[in-house]
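Trainee: I have the model open and would like to work through it. Can we start with a side-chain contact and then look at the ligand?

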Amino acid sequence: MKAFNRLVVATLPLAPRSLVRRVASRYVAGETLGDAVALVKSLNAEGCMATLDVLGEDVTRREETEQTVLDYQRALGEISARGLDSNVSVKLSALGLKLDPAECRRQFGRIVEAARSRGIFVRIDMEDSSVTEETIRIFLETRQQYEKVGIVLQAYLRRSLADARRIAAVGGNVRICKGIYVEPPAIAFQDRDEIRDSYVELLDTLLDAGCYVGIATHDPQLVDRARATISRRKLAREAYEFQMLLGVAGTLRRRLVGDRHRLRVYVPYGEAWYAYSVRRLKENPSIAGHVLRGLFRGAEG
Ligand SMILES: Cc1cc2nc3c(=O)[nH]c(=O)nc-3n(C[C@H](O)[C@H](O)[C@H](O)COP(=O)(O)OP(=O)(O)OC[C@H]3O[C@@H](n4cnc5c(N)ncnc54)[C@H](O)[C@@H]3O)c2cc1C
């Protein structure tokens with residue numbers, strides 16, 4: 001299956017854009033803020049919350065970060081004006097983290113300001129391991145000024161338990177995910193069960209410290225383990241939420257909502273949808289198989 005996935009990724013640039021668009025449309029709300037707003041409204045009507053992600057990531061010129069900031073300011077304006085049950089998720093590399101961390105802090109500060117004036121929560125997504133430390137630092141600095149900011153920890157990183165303790169000390173709001181980038185064994189668990197065990201350990205550590213946790217996974221086994229933790233601890237509904245990606249595991253998502261768990265759907269949108277889809281696949285060829293199945297099976301989400 002690995003060779004097959006790699007083959008899909010290698011031939012992807014040869015696939016017609018329209019074909020990639022058909023596949024991507026399941027995972028991306030569309031190109032415009034209007035598309036994203038319409039989708040969030042329908043998710044809200046289904047009883048799901050949302051988080052908006054303006055597609056961008058790795059910028060090569062400082063000027064590109066300006067557009068990203070404007071897009072987030074507009075998104076925050078729409079969330080507020082339309083009373084949507086949504087927050088935003090931001091990748092710091094889209095604000096130039098890898099080019100100029102000082103400029104990234106300044107641009108992120110502008111997004112945080114737009115969120116603060118409307119009382120909206122901002123999540124900082126976690127990217128590859130080259131920026132883990134700087135991302136956590138920016139989170140900790142920002143949190144001193146605005147409480148409604150959160151971070152992500154990746155269960156596959158060996159360092160994450162120590163990071164969880166650092167973040168727990170300030171009572172942060174943390175999304176836990178397995179981690180999507182390909183990382184070497186020296187710094188990341190590779191075994192599926194080890195990653196799951198690390199995930200549950202992070203969950204326990206953060207809940208012990210009274211942190212609000214976003215349980216981001218579509219893995220039925222992990223969802224069951226998280227549900228067992230929630231029951232054992234008799235957690236209030238407001239103390240945690242499940243999170244899933246748009247277009248993935250629709251049946252599991254509906255079951256969790258039906259069982260009265262809070263659930264947030266991650267909604268990416270923007271003109272950069274093509275580059276985003278191709279990059280995601282290149283970063284982690286193991287999802288190429290999902291994409292190909294999506295082509296033949298149609299949307300499940
Ligand atoms: C809300 C949310 C936010 C995230 N934020 C980050 C982040 O900030 N940083 C980061 O590194 N990672 C992030 N991720 C990705 C995460 O790290 C995993 O790579 C991804 O969720 C797959 O892991 P899983 O726990 O769902 O388990 P898996 O075992 O990988 O997946 C379980 C099942 O879910 C389905 N599935 C999973 N992913 C897909 C997909 N893309 N397409 C189709 N089906 C799929 C498959 O049926 C699979 O068998 C996020 C994930 C979610 C849900």
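Trainee: Which side chain makes a polar contact with the side chain of Asp 219?
Mentor: This is a predicted model, where local features need pLDDT of at least 70, side-chain atom pairs count only at pLDDT 80 or more, and totals for chains, interfaces and linings use all residues. Residues are numbered from 1 along each chain as its sequence is written, and side-chain values use heavy atoms, with hydrogens and water left out. A polar contact is a pair of N or O atoms within 3.5 Å; within protein, one must be able to donate a hydrogen and the other to accept it, and residues adjacent in sequence count only if both atoms are side-chain atoms. At 2.9 Å, the partner of Asp 219 is Lys 178.

Trainee: Is Asp 219 buried or exposed?
Mentor: Asp 219 is in the loop between strand 6 (213–216) and helix 9. Helices (H or I, at least four residues) and strands (E, at least two) are DSSP runs, numbered from the N terminus. Buried means under 20% relative accessible area, exposed over 50%, partly exposed in between (1.4 Å probe, protein chains only). Asp 219 has a relative accessible area of 8%, so the class is buried.

Trainee: Which residues come nearest to the ligand?
Mentor: A residue is near a molecule if one of its heavy atoms lies within 4 Å of it. There are 22 residues around the ligand. The nearest of them are Met 126, Lys 178, Gly 179, Thr 217 and His 218.

Trainee: How many Å separate the side chain of Thr 217 from an oxygen atom of the ligand?
Mentor: Met 126 puts a polar backbone atom 2.8 Å from a nitrogen atom of the ligand. Ile 180 has a backbone N or O atom 3.0 Å from an oxygen atom of the ligand. Thr 217 uses an N or O atom of its side chain, and its distance to an oxygen atom of the ligand is 2.6 Å.

Trainee: What percentage of the ligand's exposed area does the protein bury?
Mentor: Areas come from the Shrake-Rupley method with a 1.4 Å probe; for residues, only the protein chains shown count as cover. Taken alone, the ligand exposes 920 Å². The share that the protein buries is 82%.

Trainee: Which element gives the largest share of the shell around the ligand?
Mentor: The elements that give two or more residues are strand 4 (149–154), strand 5 (173–177) and strand 7 (240–245). The largest share is 3 residues, from strand 7.

Trainee: How many residues of that shell are charged?
Mentor: Ala, Val, Leu, Ile, Met, Phe, Trp, Tyr, Cys and Pro count as nonpolar, Asp, Glu, Lys and Arg as charged, and the others, Gly among them, as polar. The shell has 11 nonpolar and 6 polar residues. The charged count is 5.

Trainee: Which side chain does Gln 243 contact?
Mentor: Gln 243 is found in strand 7. Its relative accessible area is 6%, so Gln 243 counts as buried. A polar contact of 2.7 Å joins its side chain to that of Arg 175.

Trainee: Which residues are closest to the centre of the second largest pocket?
Mentor: On a 1 Å grid over the protein atoms alone, a pocket is an open set of points where a 1.4 Å probe fits, with protein on both sides within 12 Å along at least five of seven lines; lining residues have an atom within 4 Å of a point. A volume is the space filled by probe spheres set on the points, with grid points joined across faces, edges and corners. The second largest pocket holds about 380 Å³ of space. Of its 18 lining residues, the closest to the centre are Val 54, Leu 55, Gln 67, Asp 71 and Glu 271.

Trainee: Which element gives the largest share of that lining?
Mentor: By class, the lining has 7 nonpolar, 5 polar and 6 charged residues. The largest share is 5 residues, from helix 4 (residues 63–81).

Trainee: What is the phi of Lys 234, about?
Mentor: Lys 234 lies in the loop between helix 9 (220–233) and strand 7. With 73% relative accessibility, Lys 234 counts as exposed. Although Lys 234 is not a glycine, its phi is positive, at about 50°.

Trainee: And what value is the phi of Arg 260 near?
Mentor: Arg 260 is in the loop between helix 10 (250–258) and strand 8 (263–269). Its relative accessible area of 55% makes Arg 260 exposed. Its phi is positive, near 70°.
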